[in-house]
Amino acid sequence: MKIGGFEKQSFIDWEGRMAAVIFTKGCNFRCEYCHNPELIYPELMQQNNDISEDYIFDFLLSRQNWLDGVVITGGEPTLQRDLQDFIKRIKKTGYAIKLDTNGSNPMVLKTLIENKLIDYVAMDIKTCLELKKYQEICAIEDPFLLSKIEESIEILRKSSIDYQLRTTVVPQFHTKEIVDNLQKYFFYCNYKIQEFREIKSV
C-alpha cells in the first residue's frame with residue numbers, strides 16, 4: 001500500500017465514531033479544488049516517503065480498546081492493488097472499516113462489499129450526472145466515467161451496507177440549480193451537501 005498520511009484519531013471522518021484515518025497516495029481525478037494535492041500529483045507525492053504498514057498496524061494494535069474504527073481515504077483507495085489484502089489484515093484486528101471513494105472503480109467496490117470487508121462507504125458525487133460536467137470537474141476525458149459512477153451508486157443502493165453520498169459545493173462549479181437537482185435526485189438515501197472550505201496557507 002502506498003500510504004501518504006496517517007491521522008491517529010479523528011472525530012469528524014466517521015460520524016459517531018472515533019477513528020484512525022489512513023490516506024492512500026494516488027488518484028485518477030484531478031479536481032481543481034482538491035484538499036490533498038500532496039496525495040494526488042506525482043511530483044508532490046515523491047517529496048514524502050510512504051508510511052510503512054508495520055507502523056500503522058503497530059499503532060492500531062495498541063489502540064484496539066480505544067478506537068472505534070478505521071477510515072481509508074485518499075487520494076483514491078480503490079487504485080491500490082493490495083487494498084483488499086490490507087483491509088483483510090485490518091479486519092483481523094477487529095476494527096470496523098469505512099471507505100471513502102470517488103466511485104470510479106465499481107468492481108473493486110462490489111468485491112469489498114460482497115466479501116464483507118467494509119462496514120461503511122462514503123462516495124463523493126462530484127456534480128450532476130452528466131458526462132461533460134463530470135469530466136470537466138474531474139479534469140479527465142474517460143468516456144466511461146459516468147457509467148462507472150452510476151454503477152457504483154447502484155451497487156451501494158442494492159447492497160445492505162450503510163453508505164453516504166456527498167457533494168462538496170464549489171461556487172466555480174456548482175450552481176444552485178445543480179445542487180437542487182442533486183438533492184432531488186438522491187432523495188432516497190443519506191445524501192449530504194458540504195460547503196467547500198479553502199485551506200489557507202500559514
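The sulfur of C31 lies 4.5 Å from the closest cysteine sulfur, which belongs to C138, and this is too far for a bond. A disulfide here means a pair of cysteine sulfur atoms within 2.5 Å. C27 does not qualify either, because its sulfur is 6.6 Å from the closest cysteine sulfur, in C31. A search of the whole structure accordingly finds 0 disulfides. C31 counts as buried at 7% relative accessibility, and C27 is buried with a relative accessible area of 15%. Buried means under 20% relative accessible area, exposed means over 50%, and partly exposed is in between, with a 1.4 Å probe and protein chains only.

The model is predicted: local features need pLDDT of at least 70 and side-chain atom pairs count only at pLDDT 80 or more, while totals for chains, interfaces and linings use all residues. Residues are numbered from 1 along each chain as its sequence is written, and side-chain values use heavy atoms, with hydrogens and water left out.

The sheet comes next. It is an open sheet of 7 strands in the order β1-β2-β3-β4-β5-β6-β7, with mixed pairing. β1 (3-10) and β7 (191-195) stand at the edges with a single partner strand each, so one side of each has no neighbour in the sheet. On average, neighbouring strands of this sheet are turned by 20 degrees against each other, direction ignored. Helices (H or I, at least four residues) and strands (E, at least two) are DSSP runs numbered from the N terminus. Two strands pair if DSSP finds at least two bridges between them. In general, strands of a sheet pair through backbone hydrogen bonds, either parallel or antiparallel.

Strand β6 (residues 162-169) has parallel pairings with β5 and with β7. With β5 it pairs over 5 bridges in the parallel sense, and V121 stands opposite Y163 in β6. The pairing of β6 and β7 is also parallel, over 5 bridges, with Y191 in β7 as the bridge partner of L165. Of the 8 residues of β6, 7 are buried, so the strand is largely enclosed by the rest of the structure.

Helices lie on the sheet. α2 (residues 53-62) lies across β1, β2 (19-24) and β3 (69-73), and runs at about 10 degrees to β1. α6 packs on the sheet, touching β5 and β6, and its direction makes about 150 degrees with that of β5. Axes are lines fitted to C-alpha atoms, for helices over the stretch in contact, and angles run from 0 to 180 degrees between N-to-C directions. The 14 residues of α6 should span 20 Å at 1.5 Å a residue, and its end C-alpha atoms are 20 Å apart, which agrees. The expected span of a helix is 1.5 Å times one less than its number of residues.

The buried residues of α6 are L145, L146, I149, S152, I153, I155 and L156. They pack against α4 (106-114), β5, α5 and β6, where contact means heavy atoms within 4.5 Å. In α5 (residues 131-138), Y134, Q135, I137 and C138 are buried, and their cover includes β5 (120-124) and α6 (145-158). Between the two helices, L131, Y134, Q135 and C138 in α5 meet L145, L146 and I149 in α6. The axes of α5 and α6 come within 9 Å and cross at roughly 95 degrees. The two helices are therefore roughly perpendicular to each other. Angles under 35 degrees count as roughly parallel, over 145 as roughly antiparallel, 65 to 115 as roughly perpendicular and the rest as oblique.

A few backbone and loop details remain. A139, in the loop between α5 and α6, has a positive phi of about 55 degrees although it is not a glycine. At 46% relative accessibility, A139 is partly exposed. K116 also has a positive phi of about 55 degrees without being a glycine. K116 is found in the loop between α4 and β5 and is exposed, with a relative accessible area of 67%. G74 and G75 are joined by a cis peptide bond with omega of about 10 degrees, and G75 lies in the loop between β3 and α3 (83-92). Q46 sits in the loop between α1 (42-45) and α2 and is exposed at 68% relative accessible area.
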